[in-house]
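Please open the model in your viewer and keep the selection panel at hand. The stops below are meant to be followed in order.

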Amino acid sequence: MAQVVGQQILRDPALFYWILFPITIVMILTGVLRHYATLLLQSAPKPLEAKAIREQKNYLHGINLRNNANQIPLSSFASRKSYLVQAFQSGSFLKDPDAKNKPPANPMSDPNGMDAMMNMMKGNMMMIVPQTVIMGWINAFFSGFVIMKLPFPLTIRFKSMLQSGVMTRDMDVRWVSSLSWYFLCLFGLRSVFTFILGNDNAADQTMAQVQQMNPQANTQQLFGPGQDPAKMYLAEAENLEVMVQHEFVLDGIEDRILARV
Amino acid sequence: MSVSSLLNRFRSASAYPAPSESLSLSQLAPSILNLTITDTPEQWALYESLLLSTLRTADDTSARLILQRLSDRFGNDNARIMALQGIYDEATATNQSQLEEVLKNYTEVLKADPTNIPIAKRRITLLHHLSKKSEAISALTTLIDLNPTDAESWSQLAQFYFEVSMYPQAIYCLEEVLLILPNAYNVHARLGEISFVVAEGLNGSASKEVVEKLEASLRWYLRSVELCDGYLRGYYGIKMVTGKLLDSKISAGHRTIPEEKVNKLNSIATVQLNDIVAGSEKGGKGFVGYDSAEVSAAKDLLAATS
């Protein structure tokens, strides 16, 4: 493919002021607007009911005992172990003990799950709607313009990225079309938003995508929607039961202290 | 002064400030309240600390204003604001019946929402304050049944049990704290203290059980100084317990720690206590932050045993 070195295109300098700046400013303003709209739309996470808290915290209690068993004397550990294993197996900490043998409920019908999904929907809408609108706006007004020339050479691979909307095969890759400037803004304004809105802003879409990847990370639900607490309790009871090794940290402490001086 | 430097001043204050310290903190109120509200977490944390200080020094007008700003920002139905409001009501109550009124209020809030942990804790504290100790204990056990992974509740329950001389229960609770916070050296020392009290209370000062308890107490204390060098309470405890163990009344037959080791531990504790007392009297580097009452107690102990 022939590349013309030192290609010259005569442009009206007004193109620069009437396309490059408007797109940039509109992108920044949309980002700021999106941030505040997301804040407005976000509903506070619903507080858990007492039984759900009890179910989760008692499960953690078992894990704590397993992890830090060596901190307490053997007799204390043994009595706690036998109590917790018995309680875990009988399911007395469960939210609804009757549901123990039923198959897990459909996660879609769980009201808590619905809440999370609704939030996700709102977030997605906040991303998609402005993007579609701006994309349409740019396509309608600015499509086909070449607005600037990068001050450094690039390989041919960048052509599709920098010149979308301009179907000229032989044009130098350094020329940037208006639609491409939009894409560059879309992905590159992150530091600008951090500067304007602070660190955890909702303006940048890459952040939102990361959050969508692990929706479990920032919810206060310990048991995911599809998990069966009864089974997890039984597993934890088994984990506790098989713990036979117990080394009390206070054994031989006097020798450790004496060896230190 | 900036918000963060003010907040640092509050954070560096001791947990049980002396009246003069509370007063100097409380007198910061006008300068803090005149700062523009920037709606940062630091500023609200500062407001919260200032509220407690102003209540300690009976600066009720400032406290009222702080509380007003907090509830304007976070709403009256926020659990934490409700608890702060409760503290304000308790502090400004002038007689028993007003306190009972606050208590009734708490009970009502909890009936509507049993998961309001801050209010539940306020209610327990108030019950205890009104000398309804058994009610406080039962309310606290209900709270712990709801959330057995809260170290604060467990240590408070240990304190309640200790006050009514139910030592095995108190020890159980402190062991639970250790399961949550395995490196809490102060809890280790507290276990040592309670074991020591148990040993003191037993009949027959030379029996096997007493020696067992004393050695358990010694081990808890040793663990606390293993976790925290220069922990005054830990060394104080070691000195006390080793002194008891070396007491001629206790027969050597029941001991599991040989006498020479006990002797050595005793001298280590003496050296360390001497260092701490001398260092904190001179105000040397690395000796700041010791409680002056504890230092003088250590001094007395050293004087009594030498």
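This is a predicted model: local features need pLDDT of at least 70, side-chain atom pairs count only at pLDDT 80 or more; totals for chains, interfaces and linings use all residues.

Residues are numbered from 1 along each chain as its sequence is written, and chains are lettered from A and ligands numbered from 1 in the order in which they are written.

Begin with chain B, colouring domain 1 (1-9 + 22-74), domain 2 (89-174) and domain 3 (183-306) separately; these bounds come from an automatic or database domain assignment. Between the C-alpha centres of domain 1 and domain 2 of chain B the distance is 27 Å.

Next, select the contact between the chains, to which chain A contributes 24 residues and chain B 23 residues; two residues are in contact if their C-beta atoms, placed from the backbone, lie within 7 Å. On the side of chain A that touches chain B, helix H2 (50-67) and helix H10 (253-260) of chain A are the elements that give two or more residues, and H2(A) gives the most, with nine residues. Helices here are DSSP runs (H or I, at least four residues), numbered from the N terminus.

Now show B:Ile238, which, leaving aside its neighbours within four places in sequence, is in contact with B:Leu218, B:Tyr221, B:Leu222, B:Val225, B:Leu265 and B:Ala269.
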